Number of protein chains: 2
Amino acid sequence: MEFKKGGHLYGLHRVIEPQGVLPQSSLKLDNSAPAYDNEIVVEVETLNIDSASFHQIMGEVGRDEAKVAARIEEIVAQRGKMQNPVTGSGGMFIGTVRGLGPNYKGPEGLKVGDRIASLVSLTLTPLLLESVDKVYLDADQADVTATAFLWPSSPIVRMPDDMSARLALSVLDVCGAPAQTVRLAEGASRMLVLGMGKSGMICAAAARDAMGPDGVICGYDLRDGNLSVMKEEGIINDFRTGNAKNPAQVLEQVSEMIDGGLFDVVINTCNVADTEMSAILACKDRGRVYFFNMATDFSKAALGCEGVGKDVDLLIGNGYAHGHAQMALELIRDYPAVRAQIEKLFC
Amino acid sequence: MEFKKGGHLYGLHRVIEPQGVLPQSSLKLDNSAPAYDNEIVVEVETLNIDSASFHQIMGEVGRDEAKVAARIEEIVAQRGKMQNPVTGSGGMFIGTVRGLGPNYKGPEGLKVGDRIASLVSLTLTPLLLESVDKVYLDADQADVTATAFLWPSSPIVRMPDDMSARLALSVLDVCGAPAQTVRLAEGASRMLVLGMGKSGMICAAAARDAMGPDGVICGYDLRDGNLSVMKEEGIINDFRTGNAKNPAQVLEQVSEMIDGGLFDVVINTCNVADTEMSAILACKDRGRVYFFNMATDFSKAALGCEGVGKDVDLLIGNGYAHGHAQMALELIRDYPAVRAQIEKLFC
Ligand SMILES: NC(=O)c1ccc[n+]([C@@H]2O[C@H](COP(=O)([O-])OP(=O)(O)OC[C@H]3O[C@@H](n4cnc5c(N)ncnc54)[C@H](OP(=O)(O)O)[C@@H]3O)[C@@H](O)[C@H]2O)c1
Ligand SMILES: NC(=O)c1ccc[n+]([C@@H]2O[C@H](COP(=O)([O-])OP(=O)(O)OC[C@H]3O[C@@H](n4cnc5c(N)ncnc54)[C@H](OP(=O)(O)O)[C@@H]3O)[C@@H](O)[C@H]2O)c1
């Protein structure tokens with residue numbers, strides 16, 4: 001396979017406009033072959049389009065496979081990547097490695113023929129799209145004939161062979177959170193997981209793994225379905241249900257679980273806005289709040305925390321951490337109840 | 001002085017609507033006397049209205065002292081607090097303590113007669129406003145006849161007597177940043193301050209204080225005015241100028257200063273949007289980026305960091321930290337060059 005010289009670590013060589021920005025913020029990427037010397041060439045089989053993006057497209061063109069396919073082709077033709085111009089979001093893809101540039105530095109032992117998933121890189125991945133072959137309206141997915149090019153700073157992971165692609169993608173989508181949870185668990189003895197959905201359950205399992213049987217892990221969610229399962233399994237010690245948008249009420253409810261005290265660490269994995277203050281109030285002085293919830297508002301967190309005079313560290317949920325994908329997949333294997341619950345609800 | 005019973009730690013007793021939210025997010029506060037048992041009563045002399053709020057009001061009613069005064073009175077009459085309904089922002093105030101509730105727990109030794117400043121609490125402070133007596137159009141200030149009530153979770157500070165109120169307020173406005181900088185300096189040997197304005201200079205001084213003469217502290221800003229002064233004074237080791245909105249260029253420029261390496265800690269004190277990626281790229285693997293810049297976008301930071309596969313901790317600039325106000329004032333005393341520069345530019 002032939003490769004062009006001069007690939008940049010962060011993919012600047014693919015940015016057409018505006019010049020000088022990173023691929024993710026670009027309006028248009030160069031999606032042409034051949035690959036650069038620091039890239040891999042991936043034959044893409046399926047695009048997993050971000051839910052917000054997919055629903056925006058259906059809202060625009062209707063629930064019609066052919067029309068959604070045409071809109072995807074149009075976006076990629078315009079932008080060189082599948083980044084929805086309205087929502088700004090992308091998604092992930094699955095494919096097979098067909099070539100490795102001589103200067104590519106990625107996961108150890110990666111080789112031609114490996115089946116991989118990209119981790120949220122559709123917003124920054126040059127995609128040479130021949131055709132959209134089939135659209136799955138209920139799964140936010142599309143099978144395609146296409147080639148993608150990835151440089152070293154774009155996180156990828158080998159697809160596991162002991163679970164369905166759907167389960168793996170579902171877990172990989174949120175794999176940044178459990179990796180951070182494990183780090184935050186160090187030295188902590190009481191942790192609260194606010195929002196016990198997909199990422200909340202995996203974070204609770206990560207916390208149990210890291211904190212051991214003596215760690216006190218509590219949960220909070222609108223409804224008790226996942227919470228009950230997690231408690232039965234001994235993954236969490238206790239839980240309450242209610243609305244995370246009501247900080248004063250949440251504070252009263254959750255501190256009951258630990259005799260009126262507060263938590264060393266609070267992990268916010270809700271999927272709605274206005275949950276900053278519940279997480280902050282539940283956290284003890286000099287504790288840490290981790291916001292994985294993408295509906296978090298920077299100023300609400302910063303000014304709200306100052307307004308109640310709380311000295312806690314507020315962390316933005318970076319989706320990347322070393323080894324995050326492997327760790328999340330491992331947790332799913334080690335905690336069959338979490339796996340079963342995710343399969344039941346999301347697969 | 002008479003006090004009502006039943007004050008809540010976070011001031012919920014003052015929220016009229018919507019019920020159950022914290023005072024900061026309320027539409028209307030009860031600003032009536034007498035005070036509750038956990039409050040202090042402050043005779044307010046001057047309101048320092050947040051710049052965004054003040055300019056919105058002038059845009060609405062014109063550059064007219066009487067009209068601005070009337071608009072302030074109207075807002076407080078509607079909301080029970082001076083929180084601009086359009087910008088959502090408040091400001092600070094200066095006043096004198098006139099009464100201390102028996103259950104108030106605030107700064108040690110606070111007593112009736114002390115002159116204090118509230119730290120950003122106009123958005124959550126019940127203000128019983130009799131009249132706006134004088135408006136200073138160029139200073140975003142208003143002298144008033146008014147009473148404010150503060151509960152223990154609202155940070156306040158005694159006004160220092162060795163500097164002008166204007167300088168003190170200017171420094172107190174950003175006092176969260178240097179306190180966090182000192183914490184982040186622990187174990188760090190190379191720090192970058194991105195944006196060398198008021199808070200940037202105080203952060204650089206805080207870093208020098210904490211890291212000692214061997215610490216490598218670098219600066220970056222659009223223009224070299226403050227940077228040159230900081231370098232001459234030995235507070236920073238080196239600097240570059242340019243636009244923090246161009247991450248690839250910033251990365252190249254700043255890593256030059258440390259032989260192509262990256263920084264352990266990056267403090268973002270710019271005052272414009274789209275500077276997330278410059279801060280992130282300049283930070284080394286497992287380093288920490290502190291976003292004091294209120295124009296920071298949560299998702300741009302979270303997704304951008306993931307998109308470039310960087311494993312760094314991203315911190316939201318909580319404006320409160322224990323002892324932050326005293327520390328910032330102390331830094332100004334210890335670094336006369338920083339004080340002089342702030343007086344020249346902001347006072
Ligand atoms: N930072 C990153 O890189 C990254 C990557 C992926 C995802 N995320 C974010 O992570 C968040 C969680 O994702 P997920 O896949 O775990 O979502 P999820 O499975 O839908 O879980 C969210 C949970 O929060 C609960 N919830 C919703 N509103 C609530 C409220 N008012 N009070 C209490 N609980 C409430 C939901 O309950 P119901 O199901 O009953 O509504 C659900 O159990 C999302 O915001 C997503 O954007 C971040
Ligand atoms: N989290 C909190 O609690 C809190 C509290 C107070 C303030 N803040 C925030 O802290 C930030 C800084 O406040 P401040 O008082 O220090 O502001 P400042 O004195 O105006 O400093 C900002 C500096 O950034 C520079 N700058 C602007 N655009 C730039 C660019 N594109 N590239 C490089 N440098 C650039 C400015 O240069 P020029 O002067 O040449 O434009 C200025 O030197 C603000 O965003 C403010 O909202 C946060």
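Me: Leaving aside neighbours within four places in sequence, which residues is B:Val338 in contact with?
Reply: Keep in mind that this is a predicted model, where local features need pLDDT of at least 70, side-chain atom pairs count only at pLDDT 80 or more, and totals for chains, interfaces and linings use all residues. Residues count from 1 along each chain as its sequence is written, chains are lettered from A and ligands numbered from 1 in the order written, and side-chain values use heavy atoms, with hydrogens and water left out. Contact means heavy atoms within 4.5 Å. By that rule, B:Val338 is in contact with B:Met201, B:Ile202, B:Ala205, B:Met230, B:Ile235 and B:Ile332.

Me: And which residues have the most contacts inside the largest nonpolar core?
Reply: A nonpolar core is a set of buried Ala, Val, Leu, Ile, Met, Phe, Trp, Tyr and Cys residues joined through side-chain atoms within 4.5 Å; buried means under 20% relative accessible area, exposed over 50%, partly exposed in between (1.4 Å probe, protein chains only). In soluble globular proteins, nonpolar side chains tend to be buried together. The largest core here has 98 residues, and the ones with the most contacts inside it are A:Val338 and B:Val338.

Me: How many residues are in the second, separate core?
Reply: Both chains feature in that core, which includes A:Cys270, A:Val289, A:Cys305 and B:Val308. Its residue count is 62.

Me: How many residues of helix H9 of chain B are buried?
Reply: Helices are DSSP runs (H or I, at least four residues), strands likewise (E, at least two), numbered from the N terminus. H9(B) covers residues 298-307 and is largely enclosed by the rest of the structure. Its buried residues, among them B:Phe298 and B:Cys305, pack against elements of chains A and B, including helix H9 of chain A. The buried count is 7 of the 10 residues.

Me: Which residue caps the N-terminal end of H9(B)?
Reply: Look for a side-chain oxygen 3.2 Å from the backbone nitrogen of B:Ser299. That oxygen belongs to B:Asp297.

Me: How much of ligand 2 does the protein bury?
Reply: Ligand 2 lies between chains A and B, and 24 residues surround it (a heavy atom within 4 Å). Its polar contacts (N or O pairs within 3.5 Å; within protein, one must be able to donate a hydrogen and the other to accept it, and residues adjacent in sequence count only if both atoms are side-chain atoms) include side-chain atoms of B:Ser199 at 2.6 Å and B:Asp221 at 2.7 Å. Taken alone, ligand 2 exposes 920 Å² (Shrake-Rupley, 1.4 Å probe), and the protein buries 83%.

Me: Why is the ligand 1 site shared between chains?
Reply: A backbone N or O atom of A:Cys270 lies 3.2 Å from an oxygen atom of ligand 1. A polar side-chain atom of B:Glu306 lies 3.4 Å from an oxygen atom of ligand 1. The site is shared because the residues that surround ligand 1 come from chains A and B.

Me: Is A:Arg14 buried or exposed?
Reply: A:Arg14 is in the loop between strands S1 (3-4) and S2 (15-17) of chain A. Its side chain reaches the backbone oxygen of A:Ser32 at 2.8 Å, and among the residues it touches are A:Tyr36, A:Phe149 and A:Trp151. At 0% relative accessibility, A:Arg14 counts as buried.
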